[in-house]
Amino acid sequence: MLTLDTALHISANVIFTVVGQDAFLLNTQTNKYYALEEVGVRLWELLNEGRGLRESYQLLLSEYEVDPPQLESDLLELASTLMENGLVEVIEE
């Protein structure tokens with residue numbers, strides 16, 4: 001089960017670019033494109049910096065006016081979607 005303590009990293013087969021407040025991701029294995037909006041882009045940037053979900057959650061809480069339980073739910077849902085589409089992987093410890 002995915003939690004804020006699950007360690008993730010961006011898959012090696014992903015190319016991404018940020019345009020304005022949106023990010024476009026390409027999974028080079030499936031040749032499928034994905035788009036992220038503002039908060040998703042910020043999470044992607046934090047993951048790209050090597051930050052974990054919990055640290056990203058704390059930073060996003062400080063950057064946006066958002067209900068903490070809602071942010072946690074949204075981050076876990078987004079992380080799950082990214083995993084399902086091969087964009088991020090769990091780091092096995």
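Student: Which residue in S3 does Val 14 stand opposite?

Tutor: This is a predicted model, and in it strand S2, residues 14-19, pairs with strand S3, residues 22-27, in the antiparallel sense over six bridges. Within that pairing Phe 16 has Leu 25 as its bridge partner, while the residue that Val 14 stands opposite is Asn 27.

Student: Which residue in the turn between S2 and S3 has a positive phi?

Tutor: The two strands form a hairpin, and two residues lie between them. The turn residue with a positive phi, of about 65 degrees, is Gly 20.

Student: S3 also pairs with S4; which residue in S4 stands opposite Leu 26, and which residue in the turn has a positive phi?

Tutor: S3 and S4, the latter spanning residues 32-36, pair in the antiparallel sense over five bridges, and in this pairing Leu 26 stands opposite Tyr 33. The two strands form a hairpin with four residues between them. In that turn, the residue whose phi is positive, at about 60 degrees, is Asn 31.

Student: Which residues of helix H1 are buried, and which residue with a positive phi follows the helix?

Tutor: Helix H1 covers residues 38-48, and its buried residues are Gly 40, Val 41, Leu 43, Trp 44, Leu 46 and Leu 47. The helix is followed by a residue whose phi is positive, near 90 degrees, namely Gly 50.

Student: How many aromatic pairs are counted, and what is the geometry of Phe 16 and Trp 44?

Tutor: The count comes to one aromatic pair. Phe 16 and Trp 44 form an aromatic pair with 5.6 Å from centre to centre and 75 degrees between the planes. The pair links distant parts of the chain, with Phe 16 in strand S2 and Trp 44 in helix H1, 28 residues apart. Because planes over 60 degrees apart count in this class, the geometry is edge-to-face.

Student: Why does Phe 16 count as partly exposed, and what is the relative accessible area of Trp 44, which is buried?

Tutor: Phe 16 counts as partly exposed because its relative accessibility is 29%, which falls between the limits of 20% and 50%. Trp 44, by contrast, is buried, since its relative accessible area is 1%.

Definitions and conventions: Residues numbered from 1 in each chain as written. Predicted model: local features only at pLDDT ≥ 70, side-chain atom pairs only at ≥ 80, totals over all residues. Heavy atoms only, no water. Buried < 20%, exposed > 50% of the residue type's maximum accessible area, 1.4 Å probe, protein only. Pairing = 2+ DSSP bridges. Phe/Tyr/Trp six-rings, centres within 6.5 Å; stacked < 30°, edge-to-face > 60°.
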